[in-house]
Structure formats: structure tokens, C-alpha cells
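My notes are below, in the order I looked things up.

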Amino acid sequence: MTSQVSKTVLRLEAEDVRALKDGINFKKNQEDGKCYIIYKGKDKIRACVNQCKHQGGLFIKDIEDMDDRTVRCTKHYWKLNVATMEYINPPDSFMQDELEAVLSDTDGSLELVELNPPDPWTADPREAQELHAGEITLTYITHACMELKAGNKRMMFDPWLTGPAFARGWWLLHEPPSDAMDRLSQVDLIYISHMHSDHLSYPTLQLLSKKRPDIPIYVGDTSRPVFWYLEKSGVNLTNINVVPFGVWQKVDENLRFMILMDGVHPEMDTCLIVEYKGHMILNTVDCTRPNNGRLPHGVDVMMSDFAGGASGFPMTFHGGKYTESWKADFIKNERKKLLNYKTQLVKSLQPKIYVPFAGYFTEAHPSDRYIKETNSKNSAADLNESIRKSCPNILTWTPVPGSVLDLALALNDPSNRRVITEPPNGTKIFKDSWDFDLYLDELNASVSAEIFKYKSWIQYYYNWAGFKDYNLVIRVTETDDDFNPLKGGYDYLVDFLDLSFPAVRPERDHAYEEIKNRVNVMRHVVLNGRLWDDLYIGFNNRMSRDPDVYHHKFWNHFQTDLPLSAPDWDGFLQEARETDVTDESSNGCALS
């Protein structure tokens, strides 16, 4: 079985993209003759292969369509609403398999992308066998961490059991079971979905490595390796397995699993299918569009994120439209859209059991009180209530730490009280202390690193980062915990058009962002060559921009594409000590 790959099936140059009319467009790949349908909406482009799911007929324009949204199959007159990808005649029949439409913000081109093979889990199918009570159990640990027992094997997903994520911005909402670390060290294998620190928790893995450094860990073959930071972290893990996408990995004669990529972030995000005796468990984790939207229907258990609020936008923005009332309305609408999207996704996939997880974090540090109060999130109970209203036949589970679901009992009789075993009365569910000082001390240690005595670290760092030829100027200001400019801190401009460091903004037209960063997080990121997720997703900066435009190319580079090896600060220091002059009075470079 060959690895699943992502393939561009059609590319339109910028002039062809501009020529697309609002509504439905038919396009043909001149090389292979395959036809595609592109729908251009107000704020979104959607696309699919021009082929009916019923019996493979071609679509043509629907003469009864007044809104330019539907097409009609030439075989049996089935109708597809391309704006929603739903078949409307007959209704409630299929959803059309959608291609990923990738619009470049650099050259204006459009690529339609599909995964091949699209449904790799159908290779080597197995009939579902009868299960006995206790044969497959799921035990919720915390956040995205779930323990799966299947037969005599045990797997753990995304163990984040201690410490913060995203530097100091996220902390565990739930108290893991008291034996969680022991359980982790005794499992047969661990799956880690992606490199974000609420899934790849180095504080957790540091403790694990002292107990069992050779524990088998499995990750997908993403273009940026999940464990790119392992050597720098100092964590000693010796059995990391990078596996291809869409290929069954055999654990024993009854148990196998398959890692799938995300259609929106194939360079980073993954999801998982586990199969035991023909019974499937689907864990889509944080994927925006898991497996490009093609997922198995009718799985026994489906798990996914639910909460939202996992971004600095818009809470960390100020100026212009970003009033408190605008932010509150935006967050409310986004929560509602996410709730509806997850409900519709579950409805379309019809799993027997649905479990919301991977959203139980809190902005617990006192300095993030504003974020905690404004960054409201969906609750798992709200999502499950929405699903029950829409799909009363689907069993939902709102887990708490230590609660256990028995799959055999659930499949046999969902009303059986023994399907879910709750933790004993008095078990602590929510955390009330987080060892802030232990982890902030590590960040604070970076502030006094010798490299920051030399102003030339700025030029060295951004040259190492390697982002340029983009008409954006940023002003970066080091601040205290409350985002007040730090006395003696650095305050500088970077012009990414030519990667220069001017004293004042250039006179030409340019995009401009002001970014205020907490000094301990920024210096920790710089010193260790870490991604800017620690700043942006961790709520550790405040931003304003003119014009109010998201610069995907810039943020994607600093959140995903920074060099894999940290800056050579030893080499920098050797040269700086000989050639540079420190500014003992300010230890900064203030703008006038």
C-alpha cells in the first residue's frame, strides 16, 4: 500500500482567477481533460470534480437555477448546490467531495488540491466482529489526551499532563487523574497529532523520558517534522516513528491505525483512524479539514475539538474596529459558526458515538485575566446538546478526567448505565493551581542571555529567519507582562522588502504592523529559535495593523517555516564580543 499524497489537479493563473464570475464556473484541465466546477462566493471559493456521486454523470448548468448555485446531472437529473456541496435533488442524499481551493496571496493563482488515494482506510477492509464488555474502552485524561484500550494493547493520544502550552498562555483546565503519568509510561504506543505544545508537551515528555525513554511514539510524515525541536529541548526519547499518510500500521492481529493529513495544513496537522476487529475510532483532533473533508461514515466513535478560542485573533488586537463590543460580537458569531459546523459534520458522518475533546484549556495566569474574560469558548455540553437535537440517534459523551466509555456496552445498549463509568465522588475535576513560577522562571532566564547585550542580535536573528521580499514593515516593542514598553527594552523596525532595519518608517507605500511582545516570551523564542506560535496563539503579544489585513505569508513563515536549526548564538557571540559595542545604559535600541 503506497503513501497518501496531496496532488494539485488544476491550477489557474491570476488572470484566470480574476476572470472567474460570481457563482458557477466550469473549468477543464487541458493536460488530462478532467473537468471541475468552481463556485465563487462573496468570501469563499469552493470546488469539486465535475462528476455526480450517484452514477458518475457530468453536471451542466441547471436552467431552473436563478441564483447560479446549482448544477444538474446529465444522467439522472440529480442536482448539486455547489455553494454548499449538498445534493438538493434528491435531498438528504449525499455531500459532494470537495477539493481544497488554495488561493495564493503572493501571485494570485488558484490551485485545486486533492488527496490520493482519497479514502485509504478502505484498503484491506475488515468485517466488524462482536465485542465483549471491557474489550475496547476509552478513558479521558485531559484536553486532547485520551487512553484507548483495545484488546490487550493500550494507546495514548496527545499527552499534555503538566506545564503550560504556548509558552505561558494556555494551562490545563482539568486535573488529570492522579495516576495519569504512570498510565502514560505503561502504554504500548503514543500518537502525537502535531507540533503545537498543547499536543506535543515537552514538560510532559520530559517526565515520561525519565521513566521510559524507549516508549514507541508515532507521528505523521509532515513537511515540518513534529519533533523538529527535540534535540534542542533536551528530552531523551529514542523510539519516535515517522509514518507515511494513509497507510495501515499494524499493532497486532486485531489492532491497526492510520494517520491522515489535514487538507488545510498538510505541513503540520494530522488526524487518526484506529481499527480493532473491524470497529473504527476516528480522532480528527485539531484538523481544519481532515483528509480534505473525506472521512469514513458510520464509525463507532468520533472525537474532535469543539471549543474555539485557540488564536490570538481578535483578543490581542487593538485600534480601528477592534473595540470590545466588536470583539465580543465576533467571538460570539465564531462560536456559533463552529458549533453549527461541528454539528453538521457529525450529522453528515453519522458516527455511533461522538466525543468532544481537545478544547479544555484555560488562560489561568493572573496577567491574562483580560484574555480569560473575553475569550469565551463553546462548551462540550453545548455541542453535544446541539448534536442530540439534530441527530437523536447518535450517543454523545461529555467526558471528565478518569471517566471511561465501554464501546461494547454502548453498541449493544446505549441506555445501559454501565456504558460510561464516572470517576469516584470527590474526584478533583478542575485544576486550581498550575506551578506558574516553575515555568515562568525558565522564560525569565532568557531575558538576561548575553546575546541581548548586543544590538546586532536583531539583524542576526531576522537574517536567520530568512523572510524577505515582502512589502511589510513591523515595529517590535519589548514589554512587561501588562504590555507596557519595557524600560531598557528593544524597540525596532524590520522592513521585510529588503530585510533592513530602518530608524524610521520608509516613505514608500507599505503594510505596517506594530507588535508588542512580552519580553520573557520573545527572548525565549529568539534564543531557542522557536516558532512565533508561543507569541500569537499564546496571547503573549498585542498587535495593530495598517491596513487591517492578515499577512498570511509573513505569519505562516514565522509560525511554520522558520529554519529547523536554532540560530548559532555561540558563533554570533564570538563575533559580537570582538566587533560590537554594548549599550550598557539602555540595553535597547529605542526609536526616536
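**Ground rules**

I am working from a predicted model, where local features need pLDDT of at least 70, side-chain atom pairs count only at pLDDT 80 or more, and totals for chains, interfaces and linings use all residues. Residues are numbered from 1 along each chain as its sequence is written, and side-chain values use heavy atoms, with hydrogens and water left out.

**The annotated span**

I checked UniProt, and its unreviewed entry puts "domain: Rieske" at residues 12-110. I keep in mind that UniProt positions are given in the numbering used here, that feature names are shortened, and that annotations may be inferred rather than shown by experiment. Helices (H or I, at least four residues) and strands (E, at least two) are DSSP runs, numbered from the N terminus.

Next I looked at the strands at its ends. Two strands pair if DSSP finds at least two bridges between them. Strand S1 (residues 5-12) runs antiparallel to strand S10 (residues 110-116), with 7 bridges joining them. I find Thr8 opposite Val113 of S10. Strand S9 (residues 98-103) is also antiparallel to S10, over 4 bridges, and here Glu100 has Val113 as its bridge partner. S9 and S10 make a hairpin with 6 residues between them, and Gly108 in the turn has a positive phi of about 75°.

I moved on to strand S12 (residues 145-150) and strand S13 (residues 153-157), which are antiparallel over 5 bridges. Ala150 faces Lys153 in S13. This hairpin has 2 residues between the strands, and Gly151 takes a positive phi near 65°. S13 also pairs with strand S15 (residues 189-191), in the parallel sense over 3 bridges, where Met155 stands opposite Leu189.

Then I traced an open sheet of 7 strands in the order S18-S19-S20-S21-S22-S23-S25, with mixed pairing. Its edge strands are S18 (249-250) and S25 (395-396), each pairing on one side only. Inside that order, strand S20 (residues 270-276) and strand S21 (residues 279-283) run antiparallel and share 5 bridges. Ile273 has Leu282 of S21 as its bridge partner.

**Rings**

How many aromatic pairs does the structure hold? I get 46. Rings of Phe, Tyr and Trp (its six-membered ring) pair if their centres lie within 6.5 Å; planes under 30 degrees apart count as stacked, over 60 as edge-to-face and the rest as tilted. I picked out Phe313 and Trp326, whose ring centres are 6.4 Å apart with planes at 80°, so this pair is edge-to-face. Phe313 is in the loop between strand S22 (301-304) and helix H5 (324-349), Trp326 is in helix H5, and the two are 13 residues apart.

I also looked up accessibility: buried means under 20% relative accessible area, exposed over 50%, and partly exposed in between (1.4 Å probe, protein chains only). Phe313 is partly exposed at 23%, and Trp326 is partly exposed at 25%.

For charges over rings, NZ of Lys or CZ of Arg has to be within 6 Å of the ring centre and within 35 degrees of the ring normal. I noted Arg505 over the face of Tyr512, 3.7 Å from the ring centre. Arg530 sits over the face of Tyr229, at 4.6 Å from the ring centre.

**An enclosed space**

On a 1 Å grid over the protein atoms alone, a cavity is a set of points where a 1.4 Å probe fits but cannot get out, and lining residues have an atom within 4 Å of a point. Grid points are joined across faces, edges and corners, and a volume is the space filled by probe spheres set on the points. My search of the whole structure turned up 1 cavity of 30 Å³ or more. The largest cavity holds about 160 Å³ of space. Its lining has 13 residues, and Met195, Ser197, Trp228, Arg530 and Leu531 lie nearest its centre.

**A loop residue**

Is Ser193 buried or exposed? Ser193 counts as buried, at 0% relative accessibility. I place Ser193 in the loop between S15 and H3. Ser193 and Thr284 are 91 residues apart in sequence, and their C-alpha atoms are 9.1 Å apart in space.

Methods:
1 Å grid on protein atoms, 1.4 Å probe; cavity = no way out; pocket = protein on both sides within 12 Å on 5 of 7 lines; lining within 4 Å.
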